[in-house]
Amino acid sequence: MSAVPALPLPSPEVQPLPEPRLRLLTELTQGLDAGALLYVSGYAAGLAAAQRNGHTAVQVSSQAIERERATVLYASHTGNGRRIAEKLAASLESRGLSARAVAAGDYATRELAQERLLYLVASTHGDGDPPEDARAFYDFLLGRKAPRLESLRYAVLALGDSSYPKFCEAGRVADERLAALGAAAIATRVDCDLDFDVAATDWSGTALQHALEILKPAGDAPRLAIVSPLRPAALAVTVATRDAPVVAEVLTRQRITGRASDHPVTHLEIAAPADKLAYEPGDAVGVWHHNPPFLVARIAEVLQLDLAAPVSHAGEERPLGDWLTQHRELTRLSRPVLEAHAARSSAPALRALIQGDAQARAAVIRDWQVLDLLETHSADWSAEELVGALRPLAPRLYSIASSRQEVGDELHLTVAAVDYEREGVRRVGAASHFLMSEAPELRAYIEPNTRFRLPADSDRDLIMIGAGTGVAPYRGFLQQRGADGARGRHWLLFGARRFSGDFLYQAEWLTARKRGLLQRLDLAASRDQAEKVYVQHRLREQGAELWRWIAGGASLYVCGDATRMAPDVHAALVDVAQTHGGHSDESAQAFLGDLVAGRRYLRDVY
Amino acid sequence: MSDAPLSPVEHIKARSRLLRGTLETSLADAPTGALAEDDTSLLKFHGSYQQDDRDLREERRLQKLEPAYSFMIRTRLPGGICKPKQWLALDEIACVYGNGTLRLTTRQAFQFHGVVKRDLKATMAAINATLIDTIAACGDVNRNVIASANPVESRLHAEIYAWASKISEHLLPRTRAYHEIWLGEEKIAGTPEVEPIYGATYLPRKFKIALVVPPLNDVDVFAHDLGFIAIVEAGAKGPRLAGFNVAVGGGLGATHGDAATYPRLAQVAGFIAPEETLAVTEAVVTTQRDFGDRANRKRARLKYTIETMGLPAFIAEVERRASVRLAPARPYAFTTSGDRFGWTQGFDERWHLNLRIPAGRIADRDSARQLTGLRAIAQIHRGDFRLTPNQNLIIANVAAGDRAPIDALVLDHGLDLYTRASPTSLDALACVALPTCPLAMAEAERYLPDFLAAFEARLAHHGLARAPVLVRISGCPNGCSRPWLAEVALVGKAPGRYNLHLGGNATGERLNVLFRENLAEAAILEALDPLLWQYANERRPDERFGDFLWRAKLLSA
């Protein structure tokens, strides 16, 4: 690669950098080739991301926006969308096009009017909702302030789960809205189910072709590297990834719910070499689990298949047992699997289910495992057909419950057992079962979660609201803030079923409180009295004090259940803003919206 | 008195604003099942101890959970009498808030175990609703006043019981803290509170009073700071109370390896008329208040105060304060410290059934559904219940015609141990110890059945199956089961290990001595075996094991 002139440095008026620093920067970048410049740029952006306090989403100069380049926007929760977007942006760049991948939550919506080519990778959650992080973008896009987009060309890749009635809703809504605003779709939207790999790759290929036609690849002209916030690039070289996880040793495996609890929760400590599993408090760890051996054996028994028999699929050959143990989902049912089974079965009940009420079907997909389907409605499967029809195994994500400052080269996670009876038969969650078993090691990678990080400002107060294993990231937060000697105060509001058995990490919170690191600690034990008490009740009870903290600049964090807790907590916050902050319902909503936009109200809910 | 700095508990009491401390704040602190440390000392004065399930301590530490804290609540029940209606209410409290057991103590009180902090207020309120309270059931105050449970001398017993209540009321703390914290009483602003007897820092240590009617010494009268031995005279209408011999300075607590601490029998100081009882009681209490050691809690009981002052000086001080001259002690004699099991008839023709309740624990276990059985009895019983200082229960004041249905319920619910148990296991005592007592070094209540089985097998081996031996087990040397008076006592040293004490007597009038230290069960039995062999071969008719050991010079003081 030939040497190119140094990047045009922003003028001091736009981006104040003291004169000596500016000189150093000029000196540093003078004569570097594009690769080195990209490195420096990425490094700086990573540093910025690490210390971002919510107000410094990457600033992009207006100069840059006018350039012809593609924006790949992703609204992603589990990281699948981010991976697809980053891969696409990288392949565009590799073909000499200017491109950036940006999280919808980091995207400055005012730039939308100037975009020429936009790719949107949007995943759908819950009842047809976009990911938490992308709500502000969707509010803007669907709202009255959205600009006309006549000069925009776009394509949408929608990710979803066909088990839900509103399959790929967030992608569909964005697609239709962009069209309504005058933008021209350059390709038909593609809706992906859980096994999105093939469809997503096809869509990305098409997207690349369109971009090559629409945008002129940069010739000798200086290229602008516009980089979304990254983790420091120096680390990006060797980190474990979803597709190349690291094998991590399990150091400790300890049940942390007491005898009074009927919900086993396990605390795991795994070895986390800094170069492979670099993480920040708030990040998640992805774990590739094995399906329970008894489940694999039972499926083979029901279908009368030989687990040792070699099975070829998509160019790979391995024994059926391996496919089922390590490469296929057995505990999560999906609509395609249900349909494929129905096509093989003569059971009228199954046909009725496929053609009938969507809610009933959704309930079956939610509550049944593959084995339930095979046992309830018999059908013939060959090993090859089965492997072809089942969804590829997906890793599970767990909030990291530690800070390296406290635990060194370890990573802690908190795993709740999924273990229940369906019609008298025991069913377990594959990943939690695996993590709670005696496995001495596991394959893991870090899934950065930039939307749920500590504020850079360690003087800022934190209000941490969580229930169940949703308390995990706060353990990491508090460890980090303790190690940093943070002067900000901390308030934990925790919801559990029973005080005596389910108060996760109780002894640690009490120690932190004694040390003066945790200033307030509130517990809502839902089942310890006749009427259920949840965290939102505590928020209202403590409304006056809560409002004083918020008015004083505290950051709010909410982690845990998305369907009930997060909306209930939000409603309680609205109440508190009204009761103690003098807001109307509408202005309270707007106030909280501003907190979200200002990254002072962060949620990690699922 | 010394110039040594006051013990930390003295400071806690002094700044507690008459036992309030920060109890309200501690109770409201939901994230922990414990109280703030200072408040745990103050809570005792309200009749409750913070404890934790020691069986679960290590497990919960690994689970990153605090210890499984719960509270023991002890009632104040002077003389140990309660009505069937109260019994039913206490039974319900034990089932709703406690661990489903009622425990009868050697101080004739009920204990509830396993009450968690968030239920503590409701439990205290529920207990008080039965017209039984818990004030001063623990703490550096006068504890529950106990009295001979003997109901046979009906009229005399009623008189002694009345004195137990009067003394208890007279020495009750006057602070309103209890009523404010547990019963929601409004604080009355501006009225200065005083403790006329105790003062703001109460007593240096716990204080125990017992009243006894010879010849039964079921209260172990010499084990208490202050004992009243009823002296009975023949009167025109039957026996009447002439007055009391006053015994002072008993106490059984000691610390392993600390020679400055020891069990001590009370000494009879003289005789008083009944009407002098309260004045003398108050004088003994205030003398201890002013002269007791407030620097070293291990040396703070009245027994050490008397040792330091000398008995004559102590008596002189009491006489001065009470304006009473003690007369020479009158003669009296005890025959046993045990209970009279089974049905007995009082002078008023009413019947009384003394049941055996091992270690005082009333629970439903397997076929012995004692809690259920006593509930059923309480539903039909028209008399009262009496808790004995030997951890047993008397169903008292039964008309002759009401005996049969009670007998049937007793039999149905495995409450008939008194008809089946050997003499040795009938009289045995054990304190609570593990898992809830924070002081316990070894098992006691849970170990009693196993030890008795092993010990009685040895007795039977030597042909001594029917020879009564007074056995007591204590989880630590503080002596809640009064081990120092037993013929054979095990005092907890470490899990599974005990000091073996021998040579108490059957009437509670002789301390035993340390025979062997730090033994496991096999070694205890091995140490006892030759002594039992010798006893079997050389004993005189009706000679007790403890008396034999001394006569045969097998023990040295």
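**Entry 1: a covered helix in chain B**

I began with helix H12 (residues 370-380) of chain B, which is mostly covered, with eight of its eleven residues buried. Buried means under 20% relative accessible area, exposed over 50%, and partly exposed in between, with a 1.4 Å probe and protein chains only. Helices (H or I, at least four residues) and strands (E, at least two) are DSSP runs, numbered from the N terminus. I listed the buried residues of H12(B) as Gln370(B), Leu371(B), Thr372(B), Gly373(B), Leu374(B), Ala376(B), Ile377(B) and Ala378(B).

**Entry 2: conventions**

I noted that this is a predicted model, in which local features need pLDDT of at least 70 and side-chain atom pairs count only at pLDDT 80 or more, while totals for chains, interfaces and linings use all residues. Residues are numbered from 1 along each chain as its sequence is written, chains are lettered from A and ligands numbered from 1 in the order in which they are written, and side-chain values use heavy atoms, with hydrogens and water left out.

**Entry 3: chain A as a whole**

I recorded 24 helices and 21 strands in chain A. Of its 606 residues, 51% count as buried. Among the contacts in chain A (heavy atoms within 4.5 Å) with a separation of 6 or more, 78% come from residues 24 or more positions apart.

**Entry 4: two helices of chain A**

I looked up how helix H12 (residues 348-355) and helix H13 (residues 358-367) of chain A pack: the angle is about 115 degrees and the axes are 7 Å apart. Axes are lines fitted to C-alpha atoms, for helices over the stretch in contact, and angles run from 0 to 180 degrees between N-to-C directions. H12(A) and H13(A) are therefore roughly perpendicular to each other, a term for angles of 65 to 115 degrees. Leu353(A), Ile354(A) and Gln355(A) of H12(A) make the contact with Ala360(A), Arg361(A) and Val364(A) of H13(A).

**Entry 5: a residue between helices**

Gln542(A) sits in the loop between helix H21 (535-541) and helix H22 (543-551) of chain A. Leaving aside residues up to four places away in sequence, Gln542(A) touches Trp491(A), Arg520(A) and Asp522(A).

Methods: Parallel < 35°, antiparallel > 145°, perpendicular 65-115°, else oblique.
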